[in-house]
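Q: I have a new model open and would like to learn how to read it. Could you walk me through it, one feature at a time?

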Amino acid sequence: QVQLVESGGGLVQAGGSLRLSCVASGRTLSINTMGWFRQAPGKERVFVSAINWSGGRTNYAQPVKGRFTISRDNAKNMVYLQMNSLKPDDTAVYYCAASNLISATSPTLYNYWGQGTQVTVSS
């Protein structure tokens, strides 16, 4: 089993920045990809970004390209999501997730999930 715990959410004005963190524990050697997803009220959970745990290859959803940056610290079993130029449309609960696959953008391909952290962007 892998346990994931997110932190760093909060309330920020449009144009501001936040950095989300996620720490993994347990059978972390089984992880190949770490991802961030978000879910707005009444909407489906959607892919935001992912990073390959060993090679560092990254992937971003179109709405966040150029504004969000995903990174990892393997020694600390942590993954981060730096979010800049935030917009009200970025308001959602953000989830950290871990997959055994080398590359994954669908939430159905992720095996483990954190509890989520709320990000609210005011206009």
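Q: What percentage of the 123 residues of the protein count as buried?
A: Burial is judged by relative accessible area, and under 20% counts as buried. Keep in mind that this is a predicted model. Here, 43% of the 123 residues fall into the buried class.

Q: How many helices and strands does the protein have?
A: Happy to count with you: there are zero helices and eleven strands. Its radius of gyration is 13 Å, close to the 14 Å from the globule rule for 123 residues, so the protein is as compact as a globular protein of that length. The C-alpha trace spans about 40 × 25 × 25 Å along its principal axes.

Q: How many salt bridges does the structure hold?
A: A salt bridge needs a side-chain nitrogen of Lys or Arg within 4 Å of a carboxyl oxygen of Asp or Glu. This structure holds two. In one, Arg-38 meets Asp-90 at 2.8 Å, N to O. Arg-38 sits in strand E4 and Asp-90 in the loop between E8 and E9, so this pair ties together parts 52 residues apart in sequence.

Q: Which residue forms a salt bridge with Asp-90 at 2.7 Å?
A: That is Arg-67. Arg-67 belongs to the loop between E6 and E7, so its pairing with Asp-90 links parts 23 residues apart in sequence. Through shared partners, Arg-38, Arg-67 and Asp-90 join into one network.

Q: Are Arg-67 and Asp-90 buried or exposed?
A: Asp-90 is buried, at 1% relative accessible area. Arg-67 counts as buried too, at 10%.

Note on methods: Residues are numbered from 1 along each chain as its sequence is written. This is a predicted model: local features need pLDDT of at least 70, side-chain atom pairs count only at pLDDT 80 or more; totals for chains, interfaces and linings use all residues. Side-chain values use heavy atoms; hydrogens and water are left out. Helices (H or I, at least four residues) and strands (E, at least two) are DSSP runs, numbered from the N terminus. The radius of gyration is taken over C-alpha atoms; the globule rule is 2.2 Å times the number of residues to the power 0.38. Buried means under 20% relative accessible area, exposed over 50%, partly exposed in between (1.4 Å probe, protein chains only).
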